[in-house]
Amino acid sequence: MKRLGFVGIIIDDREKCATQVNAVLSDFSELILARTGLPKVKENASVITLVIDATTDELGRLTGKLGSIPGVSVKSGLAKQ
């Protein structure tokens, strides 16, 4: 059962990780309802927030792929119903 949720992504090294993160997000684009990002250019960091509609398995695959990228931290949550 799909549920509404969020994914918070912190990227510690934008220059190194951005291409990989964007590739994963493109692979899971059917789950993403909204995406916002805040680049911290001087710190070479970035924060991305996603609003998603996904099952727990789909969310796990998405966050697992993102979390396996060195320099990327991920937190997520789904609505109870």
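Strands here are DSSP runs of E at least two residues long, numbered from the N terminus. With that in hand, L4 lies in strand β1. Keep in mind that this is a predicted model.

**The sheet**

Let's start with the strands. There are four of them, and they form an open sheet with antiparallel pairing, in the order β2-β3-β1-β4. At the edges sit β2 (32-40) and β4 (72-78), each of which pairs on one side only. On average, neighbouring strands are turned by 10° against each other, if you ignore direction.

How many bridges join β1 and β3? Strand β1 (residues 3-11) and strand β3 (residues 45-54) pair over nine bridges, in the antiparallel sense.

**The helices**

| Helix | Residues | Strands touched | Angle between directions |
|---|---|---|---|
| α1 | 14-27 | β1, β2, β3 and β4 | about 175° with β2 |
| α2 | 56-67 | β1, β3 and β4 | about 170° with β4 |

So what does α1 touch that is a strand? Helix α1 touches β1, β2, β3 and β4, while the strands touched by α2 are β1, β3 and β4.

**A nonpolar patch**

Back to L4. Which residues make the nonpolar surface patch? L4, L33 and V51 do, and the patch covers about 260 Å². L4 is called partly exposed because its relative accessible area is 48%, and the partly exposed class lies between under 20% (buried) and over 50% (exposed). A patch residue needs over 30% relative accessible area, and L4 has 48%.

Definitions and conventions. Residues are numbered from 1 along each chain as its sequence is written. This is a predicted model: local features need pLDDT of at least 70, side-chain atom pairs count only at pLDDT 80 or more; totals for chains, interfaces and linings use all residues. Side-chain values use heavy atoms; hydrogens and water are left out. Two strands pair if DSSP finds at least two bridges between them. Helices (H or I, at least four residues) and strands (E, at least two) are DSSP runs, numbered from the N terminus. Axes are lines fitted to C-alpha atoms, for helices over the stretch in contact, and angles run from 0 to 180 degrees between N-to-C directions. Contact means heavy atoms within 4.5 Å. Patches are made of residues with over 30% relative accessible area and no salt bridge: like charges are joined within 9 Å, nonpolar side chains (Val, Leu, Ile, Met, Phe, Trp, Tyr) within 5 Å. Accessible areas come from the Shrake-Rupley method with a 1.4 Å probe; for residues, only the protein chains shown count as cover. A salt bridge is a side-chain nitrogen of Lys or Arg within 4 Å of a carboxyl oxygen of Asp or Glu. Buried means under 20% relative accessible area, exposed over 50%, partly exposed in between (1.4 Å probe, protein chains only).
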